[in-house]
Amino acid sequence: IEMECRVLSVQSHVVRGYVGNKSATFPLQVLGFEVDSINSVQFSNHTGYAHWKGQVLTADELNVLYEGIKLNNVNHYDYVLTGYTRDTSFLETVVDIVQELKRLNPKLVYVCDPVMGDQGSMYVPENILPVYRDKVVAVADILTPNQFEGSLLSQVMDLLHQMGPDMVVLTSTDLISPHGDQFLVALGSQKMVRADGTTSTQKIRMEMPKVDAVFVGTGDLFAAMLLAWTHHHPKDLKAACEKTVSVLHHVIKRTITYANKMAGPGKRPSPAQLELRMVQSKKDIEYPAIVVEAIVL
């Protein structure tokens, strides 16, 4: 019998486009994972459009959904994946659920993208920070903040390791690339336990070419792909990060090429034209050609 690997993904849902669960589910399924989705919001589209409408799931409603899964005794998961949340009580409920799922399966891996802000400003209420810092980080196994979020949670990766997670990937940093300002630098760190019980840390650095456009859903895709590729390469942070970043590179390249073609010469593509070309990238998700090499530090 094929081994089943099941993910509980608690993220946003949009009718049109790719963000949150829409960004994570298809790629994970393509790579052989069963994905159970709880939609923290249901919006018509992402909030970068001129208009958006929809509903928000409350902490109580999240509990009701989880209760249903539990009553049927199908609450066994290998992974939990979470992204953008604006509500403190919702996030605290997520922590409670993760803790319960970890009691049922001590090997469960919780992948958390602590979406809070970027480039010095927060785009979630400030009262959510202490919940992430004091409760979420402690139960997370893999954390994917950007530099701003990482510094809000703690100063450096080693400190974050001490707070809980075995793997931390800073998805974007202000570090200067030797290749110039057209490159984005990402850092990864994985804490591993050797056979004799001592720990070692593997650290990597990656440089990715920047693209002059605003994409939505790429962070969600990054966290999902890191989950998938660390599952396939549990002791090889370099390989997992190279495949993750390469998938993003291919999806973004295909998206910007399409968007520019649709917009026409000299025009900036609209949010609708910049929706990720996810389905069209199926082969790249399954078998990503490596375009970015990670340097082991």
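**Entry 1. Second largest pocket**

I began with the second largest pocket, which 14 residues line, with Val 109, Asp 166, Met 167, Gln 190 and Pro 234 lying nearest its centre. I recorded a volume of about 370 Å³ for the second largest pocket.

The model is predicted: local features need pLDDT of at least 70, side-chain atom pairs count only at pLDDT 80 or more, and totals for chains, interfaces and linings use all residues. Residues are numbered from 1 along each chain as its sequence is written, and side-chain values use heavy atoms, with hydrogens and water left out.

For the terms, I worked on a 1 Å grid over the protein atoms alone: a pocket is an open set of points with protein on both sides within 12 Å along at least five of seven lines, a cavity is a set where a 1.4 Å probe fits but cannot get out, and lining residues have an atom within 4 Å of a point. Points are joined across faces, edges and corners, and a volume is the space filled by probe spheres set on the points. Helices (H or I, at least four residues) and strands (E, at least two) are DSSP runs numbered from the N terminus. Nonpolar covers Ala, Val, Leu, Ile, Met, Phe, Trp, Tyr, Cys and Pro; charged covers Asp, Glu, Lys and Arg; the others, Gly among them, are polar.

**Entry 2. Largest cavity**

I then searched the whole structure for cavities of 30 Å³ or more and found one. The largest cavity contains about 30 Å³ of space. Its lining consists of Leu 8, Val 10, Val 80, Val 94, Ile 97 and Val 98. These divide into six nonpolar, no polar and no charged residues. Both β1 (6-14) and α3 (88-104) supply at least two of the lining residues, and α3 gives the most, with three.

**Entry 3. The chain as a whole**

I counted nine helices and 12 strands in the protein chain. The radius of gyration of the chain is 19 Å, which agrees with the value near 19 Å for a compact globule of 297 residues. That radius is taken over C-alpha atoms, and the globule rule is 2.2 Å times the number of residues to the power 0.38. The C-alpha trace spans about 55 × 45 × 45 Å along its principal axes.

Buried residues (under 20% relative accessible area; exposed is over 50%, partly exposed in between, with a 1.4 Å probe and protein chains only) make up 52% of the 297 residues. The chain exposes about 14600 Å², of which carbon and sulfur atoms supply 54%; accessible areas come from the Shrake-Rupley method with a 1.4 Å probe, and for residues only the protein chains shown count as cover. Of the contacts (heavy atoms within 4.5 Å) with a separation of 6 or more, 70% join residues 24 or more positions apart.

**Entry 4. Helix α1**

I looked at α1 (residues 21-30) and found seven of its 10 residues buried, so the helix is largely enclosed by the rest of the structure. The buried residues are Asn 21, Ser 23, Ala 24, Thr 25, Pro 27, Leu 28 and Val 30. They pack against β1, β2 (34-43), β4, α7 and α9 (282-286). Gly 32, with a positive phi near 95°, follows α1.

Ser 246 lies in α8 (residues 237-263) and counts as buried because its relative accessibility is 0%. Beyond its neighbours within four places in sequence, Ser 246 contacts Pro 288, Ala 289, Ile 290, Val 291 and Val 292. I recorded 5.5 Å between the C-alpha atoms of Ser 246 and Ile 290, which are 44 residues apart in sequence.

Ala 240 also lies in α8 and is buried, at 0% relative accessibility. Not counting residues up to four places away, Ala 240 touches Trp 229, Thr 230 and His 233. Its C-alpha lies 19 Å from that of Lys 107, 133 residues away in sequence.

**Entry 5. Two loop asparagines**

I located Asn 73 in the loop between α2 (59-71) and β4 (79-82). Asn 73 is exposed, at 64% relative accessible area, and has a positive phi of about 60° although it is not a glycine.

I placed Asn 127 in the loop between β7 (121-122) and α4 (129-139). Asn 127 is partly exposed, at 48%.
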